[in-house]
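Dear colleague,

Please read the notes with the structure open.

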Amino acid sequence: MDDLEKAILISFDESGAVNSGLKEQAVAFIQQIKENPSVCSICIEKLCFSKLVQVQFWCLQCLHEVLRVKYSSMAPEEKSFIRKSVSSIACCEPVHANDSSSASILEGPSFIKNKLAQVVVTLIYFEYPSIWPSVFVDFLPNLSKGAMVIEMFSRVLNALDDEIISLDYPRSQDDVAVSGRIKDAMRAQCVPQIVGAWYDIISMYRNSNPELCSSVLDSLRRYISWIDIGLIANDAFTGLLFDLMLVDGLLDQLRAAAAGAVLAMVSKRMDSKSKLSLLQNLQIRRVFRLVAGDSDSELVSSVAALLTGYATEVLECSKRLSSEEGKGVSLELLNEVLPSVFYVMQNCEVDSAFSIVQFLSVYVGTMKSLSALTETQLLHVGQILEVIRSQIQFDPMYRNNLDVLDKIGREEEDRMVEFRKDLFVLLRNIGRVAPDLTQAFIRSSLDNAVSSSEDRNAEEVEASLSLFYALGESLSDDAMRTGTGLLKELVPMLLSTRFPCHSNRLVALVYLETITRYVKFVTENTQYIPIALQAFLDERGIHHPNVNVCRRASYLFMRVVKLLKSKLVPYIETILQDTVAQFTRMSTSSKELSGSEDGSHIFEAIGLLIGMEDVPVEKQSDYLSALLTPLCHQVEVALLNAKSHNPKEPLAQIENLQQIVMAINALSKGFSERLVTATRPGIGLMFKKTLDILLQILVVFPKIEPLRSKVTSFIHRMVDTLGSSVFPYLPKALGQLLTESEPKELVGFLVLLNQLICKFGTELRDILEEVYPVIAHRTFNILPRNDIQSGPGSCAEEIRELQDLQRTFFTFLNVIATHELSSVFLNPKSSGYLDMMMQLLLYACCNHKDILIRKGSVQIFIRLIKEWCAGPYGEEKVPGFKSFVIEAFAMNCCLYSVLDKSFEFRDANTVVLFGEIVLAQKVMYEKFGNDFLLNFVSKGFQNVHCPQDLAEQYCQKLQANDFKALKSFYQSLIEKLRPQQNGSLVFR
């Protein structure tokens, strides 16, 4: 063993026994050898005599790298030497007379032979056919030497496909050109001989060396796509391939490889007429029986891929051929293969290249134009429905995970939801093509699912119900109401069926969703209302043991009530009996509501029912009292406990109070303002008493934010429900809500005030005059005068709350100004905050990053100018306001801010803001006349170097009545003035 061999062995050592320093020396030494000009000769020499696989691999790797990188600079003699040597080694011929190692390379491990094949292919890349035209022809006579050379030849062909020809990998334009050059030369020179050799090898070695034949068939499969198909698609070769597939006792790997080769024939691109002839001649029916074997075997997987690929090609031919004969043959072949394809879809691992949904969608699409389906087509549609049902079924192994909805269950549910989408689209298409058959299939599925064994029952029932649910999307409202086809049987069957697996979460949910989807049928067939209600009100719905089902049932029941509404009046007492007792006993253990607001939907449903004017007034009063009295009593008890400083489970009490407020809030949604204030004021009185009790929560628990939020929400609701009769309760409510000064609480309070102002307008003036000074004081103490700063060290949540408060406060000021309540700002109690408000609005008009806030601030100024300024010669209502507007607002907002380059005219919102700024100028001219014009033009325009002629044109446009022309001119004026500023503008 010489130094090079020792160095190679040391560099390849992975045992850790070799000293790292020694390993570094070895790597450095072999790197020096790589840089030696005669490295190729050294490598060939070692390949001829060394039997060490590490040395053989390193030499082949080195040859590959040198050829790839330095081929163009190598001498012709060196290239010739490498070519002859590599060819001799690959063909098991001696390189030298005393060569002892060539055969050992072909007997060596796969990675050595693959690397040798890679070196040969690199030479083919550079030299075939111009320099080394005989590479393939040289190989063929040597194949008679036996399995070693045949295998090496197959490896070379496969490497050629991988490295150069195959389009499965991205190729450069140069590589594509080389690939074309090689394929053209091979077609002209040697492809028929290679195919003949393949045939002879397979025939000779099929029994004695099936692994070798599998390797040859793999090469054949790869090359079929670009060689003459007639060389393979003939009686001899095709017969051989089918013979290999069909003969029992042969190695599965060999039979599967034969199926892969036939699939390559089937998939080869050619014109549709030739393709159909090829498909017809294959007599594919011969392999149908093979897919009935072990679904996990390689043979069954390969034959399954062959059948699905064959069916796809036949279907494609039927679409492209226009002749009746062609379509007839296509249909015949398709009808022949489809049953086996359906079997494959349901029982085998389908090849990833084949899309079940895409294939079936195309097939169903061919039926859309037909007036009626044939018996065979109807049979196929039924089988497609079977495929869909089997595909959408959950695996029973996930049953417990899906029921408790743990992480695994949630992931599986999400995966299935996504997976089902296309299948349900396919189902709806089938429902349009064959509606009666689809409905009959669903009915049969439900029947079978109910009676199936318990280990599959839940999954089968869920799948059948999901099919019925999905079908509903393709049905019109009229079809739903009248019960088209079998719907008049299916819906009553659905309503009356009690599945053994109803405790399963998925089954219970899809059952209720399906009833909700088809409830329109019940609107026309009211005899089914009792059993429809029962499904929601018994253990299948709101009393289901699974909390998620309970919550969803409450929500879905509310939707059903909205749809049926007046038709449910005769059943109100029954509904209340099933719900009131349970849902008015609120506690933290109440699974229907804990942690979610969904449970309040049951109260919303009840409110919708008992809030109808169809309900007699006495009964309505009794029903409402039966709900409100126990809930209010629980609130009063909780408040008494809290006041006595002996609260029982304080956290639990607070959660309980939240649930009660949410429930009452939801209940009140069913009662209109007209009913509680005009037609039945007694009902309104009950809500007033309830409001009075719930407002006590703010007194006893002033700092519990979740409770404040729920009570505030209820006040919002009472404003809509009680109308102006809520006024006596507002001072107390607003007073309690004002006790907290945190930004989040202030935002909620301002939102409530905005609602009150929008609903009652000037009627709210007295209340606003009391609360505005407190709001202004707190807001101006919290908000910065300029921008809200964010950056390192700042809390994102605090910044978000400040931004929310700022945005809501500007909206609040806007609402006041636009509802004729601006006198509130001038009230003696509020006047101390007027200057701060003006400065805040002025800064926002000119500088705020939110364009919508800037626009709103300009609108406030416009409104105040209109209300506080009588005219050019009128008395000043607010001393100093006129001069502030002319000197500060007009200059800074209407001129300097729009001259800034950050004012982007290409932005739609900015253009709207600009319109408001121009309108403000128009309003100022109308109110202040020449006082505004002289100051704005003589001082403002002069400061920004506006030419005299443009200033005069501005005055003319402003005094005219064409606002659109004024806006257009002012924009062009600003754009002309911008280049002259040179950053000299100073906002004051």
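**Pocket and cavities**

The largest pocket has a volume of about 890 Å³, where a pocket is, on a 1 Å grid over the protein atoms alone, an open set of points with protein on both sides within 12 Å along at least five of seven lines, and a volume is the space filled by probe spheres set on the points, which are joined across faces, edges and corners. This is a predicted model, in which local features need pLDDT of at least 70 and side-chain atom pairs count only at pLDDT 80 or more, while totals for chains, interfaces and linings use all residues. Residues are numbered from 1 along each chain as its sequence is written, and side-chain values use heavy atoms, with hydrogens and water left out.

The lining of this pocket comprises 26 residues (each with an atom within 4 Å of a point), and those nearest the pocket centre are Asp-168, Ser-225, Ala-264, Ser-267 and Lys-268. By class, the pocket lining has 12 charged, 9 nonpolar and 5 polar residues (Asp, Glu, Lys and Arg count as charged, Ala, Val, Leu, Ile, Met, Phe, Trp, Tyr, Cys and Pro as nonpolar, and the others, Gly among them, as polar).

There are also 4 cavities of 30 Å³ or more, a cavity being a set of grid points where a 1.4 Å probe fits but cannot get out. The largest cavity has a volume of about 50 Å³, and its lining, which includes Phe-394, Arg-399 and Glu-462, has 5 nonpolar, 1 polar and 3 charged residues.

With best wishes
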